[in-house]
Amino acid sequence: MLMAHPAVLRNLIEQYDALRILHAEDGSPEVRQRMDDIAYTLCVATGTRDIDAALIAARHQLPGARPHDDSLIPT
């Protein structure tokens, strides 16, 4: 499976979180559609089928998410 770049995942998570807040306040169809689009993209990028699992998987793939993450250690 292809892995999305952590910067892309971080951006998608931030957009989804911001839209979730906006949807709670506004609830417009446009905001809901954008949330659905980002949720779909997150699911595809993480190989999951629902947004909750996608958010968990995406956050897990970010550098520093795991205690033994060595992605910042030069080789």
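Reader: How many helices and strands are there in the protein chain?

Author: Glad to start there: this predicted model has three helices and zero strands in the protein chain. Read from the N terminus, the order is α-α-α.

Reader: Why is T46 called buried?

Author: Buried means under 20% relative accessible area. T46 has 6% relative accessibility, so T46 counts as buried. In the chain as a whole, buried residues make up 29% of the 75 residues.

Reader: Where is T46 placed, and what does its side chain reach?

Author: T46 lies in helix α2, and its side chain reaches the backbone oxygen of L42 at 2.7 Å.

Reader: Which residues touch the most other members of the largest nonpolar core?

Author: They are L9, I13, Y16, I38, L42, I51 and L55, out of 17 residues in that core. Each of α1 (6-25), α2 (29-46) and α3 (51-61) supplies at least two residues of this core. The largest share, seven residues, comes from α2.

Reader: What is I51 in contact with, leaving aside its neighbours within four places in sequence?

Author: I51 is then in contact with Y16, A39, L42 and C43. The word contact is used because heavy atoms lie within 4.5 Å.

Technical notes
Residues numbered from 1 in each chain as written. Predicted model: local features only at pLDDT ≥ 70, side-chain atom pairs only at ≥ 80, totals over all residues. Heavy atoms only, no water. Helix = DSSP H or I, 4+ residues; strand = E, 2+ residues; numbered from the N terminus. Buried < 20%, exposed > 50% of the residue type's maximum accessible area, 1.4 Å probe, protein only. Core = buried A, V, L, I, M, F, W, Y, C linked by side-chain atoms within 4.5 Å. Polar contact = N/O pair within 3.5 Å; in protein donor to acceptor, adjacent residues only side chain to side chain.
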